[in-house]
Amino acid sequence: MKICIFGAGYVGLVAAACFAESGNSVIAVDVDKSRIDGLKEGIIPIYEPGLKEMILRNQAEGRLSFTTEMTEAVQASLVCFIAVGTPPGEDGSADLKYVLGVARNIGQAMNGYKIIVDKSTVPVGTADKVREAVKAELASRNVAFEFDVVSNPEFLKEGAAIDDFMKPDRVVIGTDNVRTAEIMKELYDPYMRKQNRLIVMDIRSAEMTKYAANAMLATRISFMNQIANLCDCMGADVSAVREGIGSDSRIGYDFLFPGPGYGGSCFPKDVKALIKTAEECSYDFLLLKAVEDVNERQKEVLADKLITALGSPDEEQPLTGRTVACWGLSFKPRTDDMREAPAITIIERLLAAGATVRAHDPEALKEAKKHFGDRIEYSTNQYAILENADALTIITDWSEYRNPDFDRIKSALKSPLVIDGRNLYKPDRMAAAGFRYLPLGRCG
Ligand code: NAD
Ligand code: UGA
């Protein structure tokens with residue numbers, strides 16, 4: 001099938017590579033010329049495991065190309081995907097200017113029947129706006145080509161994006177006609193190997209499904225973060241509690257890991273946008289407001305623990321003269337994405353408290369420098385930043401932190417204090433090794 005994808009970001013690039021991988025002819029379009037020039041040269045603008053190899057292979061075999069030329073891309077394609085950003089506007093609602101901009105571009109370029117597929121995360125009702133925008137362009141050109149608009153939200157996770165796309169738990173197709181549903185089924189058929197979970201529904205329900213999924217996952221995380229904080233107060237172990245509740249098949253084990261708050265380009269913005277959508281129809285989404293509030297507070301928990309352990313909470317800059325080493329900056333492992341990363345809030349708080357901060361991350365140092373500049377120190381060596389530091393704080397659960405050289409950590413630190421925002425180690429072993437170990441919600 002001939003496809004073009006607008007937006008060569010996390011979702012657009014992964015979708016482009018994966019659609020090409022199953023034999024489709026794919027053109028990825030972006031307005032960012034330097035990004036497209038780089039991609040033509042084989043420079044992949046994001047870190048996502050397996051993506052580079054897949055792009056290079058499909059590019060070499062002639063199934064995948066990159067361009068800024070929108071008209072050519074649209075005219076060469078039957079299916080046009082919109083995979084551009086939908087960042088939060090000032091009031092928290094999803095800003096649709098990029099999505100509607102692409103809709104207008106498609107309307108200006110169309111030369112026959114097209115299926116326009118919304119893959120960006122967009123509020124209920126956006127497909128209607130896309131349809132209107134395309135119609136207006138066609139009317140201004142005095143042409144009347146047929147087209148359909150489909151909602152096909154994306155559920156991939158960064159760090160596991162290729163796998164999620166190639167073997168999805170489900171693919172949701174929101175459409176108002178059978179012809180389009182059949183074409184979309186054909187396109188996605190090669191990805192139904194794990195299980196045949198292509199779910200066809202009406203467009204509005206598909207748009208809502210995406211927000212409901214992210215809001216549900218965010219709710220589980222905030223719930224578990226509060227249980228962990230309560231475990232801290234009560235001397236219970238949140239890991240045991242997770243096992244205890246996860247074994248109930250109605251609950252399950254996933255997305256119940258406490259941490260420094262959820263981050264990334266999606267949960268924070270999508271929770272906000274759904275609250276805003278509810279407000280627009282005068283519905284007060286109380287639960288989600290609490291989820292968001294809990295998440296903001298959770299980002300303070302690691303800094304609170306550090307200040308309690310190292311400083312006097314009453315002083316204005318209780319960490320003056322202290323050095324804190326941070327492991328992990330990206331919002332989750334296996335990505336260089338720093339968007340809404342809890343590390344930003346945590347490190348800003350440590351700096352405001354007077355601390356000197358040193359940081360290590362396997363992939364995100366370049367992105368981190370955009371946030372912190374020279375206000376913190378960076379190293380590509382996870383042990384180098386520990387020399388004479390007053391504490392080690394673990395913010396992101398990269399696999400290289402899971403089984404480190406504890407002797408080396410202990411001898412490098414000035415005092416053997418480890419604040420673990422990801423519960424990577426066994427509290428009794430850490431105590432036996434002479435560490436003062438402060439995880440989230442775990443007794444020794
Ligand atoms: P991104 O910021 O990584 O990429 C967006 C790209 O679109 C950029 O390269 C930008 O230059 C380009 N762009 C903007 N306007 C354009 C235009 N008119 N024509 C062509 N390109 C244009 O965004 P992303 O993370 O890929 O997210 C895209 C959408 O997918 C969002 O709605 C997001 O919520 C959703 N989503 C993201 C993920 C994820 O893991 N990142 C997962 C599921 C869904
Ligand atoms: C999330 C969803 O998992 C995807 O299904 C969805 O497509 C995507 O958002 C999106 O809409 O963009 P992603 O943001 O890449 O994917 O990462 P997740 O693995 O979901 O993690 C999000 C945040 O939650 C991270 O900060 C992570 O550390 C945190 N988290 C996750 C926890 O604190 N505890 C958990 O148990 C799981």
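The protein chain falls into three domains: domain 1 spans 2–200, domain 2 spans 211–296, and domain 3 spans 299–438. Keep in mind that this is a predicted model.

Let's take domain 2 and domain 3. Their centres, taken over C-alpha atoms, are 24 Å apart. They do touch. On one side, 11 residues of domain 2 take part, and on the other, 15 residues of domain 3. What classes of residue make up the side of domain 2 that touches domain 3? Seven are polar, three are nonpolar, and one is charged.

Now the core. The largest nonpolar core has 126 residues. Which of them touch the most other members? They are Ile-5, Ala-15, Ala-16, Phe-81, Ile-116, Leu-350 and Leu-392. In soluble globular proteins, nonpolar side chains tend to be buried together.

Look at Ile-5 on your screen. Leave out residues up to four places away in sequence. Ile-5 then touches Gly-12, Ala-15, Ala-16, Val-26, Ala-28, Val-29, Phe-81 and Ala-83.

Next, a pair of helices. Helix α5 covers residues 97–109, and helix α6 covers residues 126–141. Their axes come within 8 Å, and they cross at roughly 35°. Is that crossing left-handed or right-handed? It is right-handed. From α5, the contact uses Val-99, Leu-100, Ala-103, Arg-104, Ile-106, Gly-107 and Gln-108. From α6, it uses Thr-126, Lys-129, Val-130, Ala-133, Val-134, Ala-136, Glu-137 and Leu-138. Sort the residues of this contact by class: nine are nonpolar, three are polar and three are charged.

Stay on α5 for a moment, and find Tyr-98 in that helix. Tyr-98 is partly exposed, because 18 other C-beta atoms lie within 10 Å. Setting aside neighbours within four places in sequence, Tyr-98 contacts Val-84 and Gly-85. Now compare with Asp-304. Tyr-98 and Asp-304 are 206 residues apart in sequence, and their C-alpha atoms are 39 Å apart in space.

Here is another helix residue: Arg-35, in helix α2, residues 33–40. Is Arg-35 buried or exposed? Arg-35 is buried, because 20 other C-beta atoms lie within 10 Å, and 20 is enough to count as buried. Not counting residues up to four places away, Arg-35 touches Ala-8, Asp-30 and Pro-45. Take Pro-45. Along the sequence, Arg-35 and Pro-45 are 10 residues apart. From C-alpha to C-alpha, they are 6.7 Å apart.

On to helix α8, residues 178–188, where we find Ile-183. Why does Ile-183 count as partly exposed? Because Ile-183 has 19 C-beta neighbours inside 10 Å, and buried would need 20 or more. Leu-78 is 105 residues from Ile-183 along the chain, yet their C-alpha atoms are separated by 10.0 Å.

Asn-229 sits in helix α9, residues 203–234. Asn-229 is also partly exposed, with 18 other C-beta atoms within 10 Å. Its contacts, leaving aside neighbours within four places in sequence, are Val-301 and Gly-441. Ala-368 lies 139 residues from Asn-229 along the chain, and 28 Å separate their C-alpha atoms.

Last topic: backbone angles. Most residues other than glycine have a negative phi. We have two to look at that go the other way.

One is Ser-282. Its phi is positive, about 55°, although it is not a glycine. Where is Ser-282? It is found in the loop between α11 (267–280) and α12 (286–298). Ser-282 is exposed, because 6 other C-beta atoms lie within 10 Å, and 12 or fewer counts as exposed.

The other is Glu-340. Its phi is near 55°, again positive in a residue other than glycine. Glu-340 is found in the loop between β9 (323–327) and α14 (342–352). Is Glu-340 buried or exposed? Glu-340 counts as buried, because it has 20 C-beta neighbours inside 10 Å.

But Ser-282 is exposed, while Glu-340 is buried.

Key:
Residues numbered from 1 in each chain as written. Chains lettered and ligands numbered in written order. Predicted model: local features only at pLDDT ≥ 70, side-chain atom pairs only at ≥ 80, totals over all residues. Helix = DSSP H or I, 4+ residues; strand = E, 2+ residues; numbered from the N terminus. Core = buried A, V, L, I, M, F, W, Y, C linked by C-beta atoms within 7 Å. Contact = placed C-beta atoms within 7 Å. Domains from an automatic or database assignment. Nonpolar A, V, L, I, M, F, W, Y, C, P; charged D, E, K, R; others polar. Axes fitted to C-alpha atoms, helices over the stretch in contact; angles between N-to-C directions. Left-handed = near helix turned anticlockwise from the far one by under 90°.
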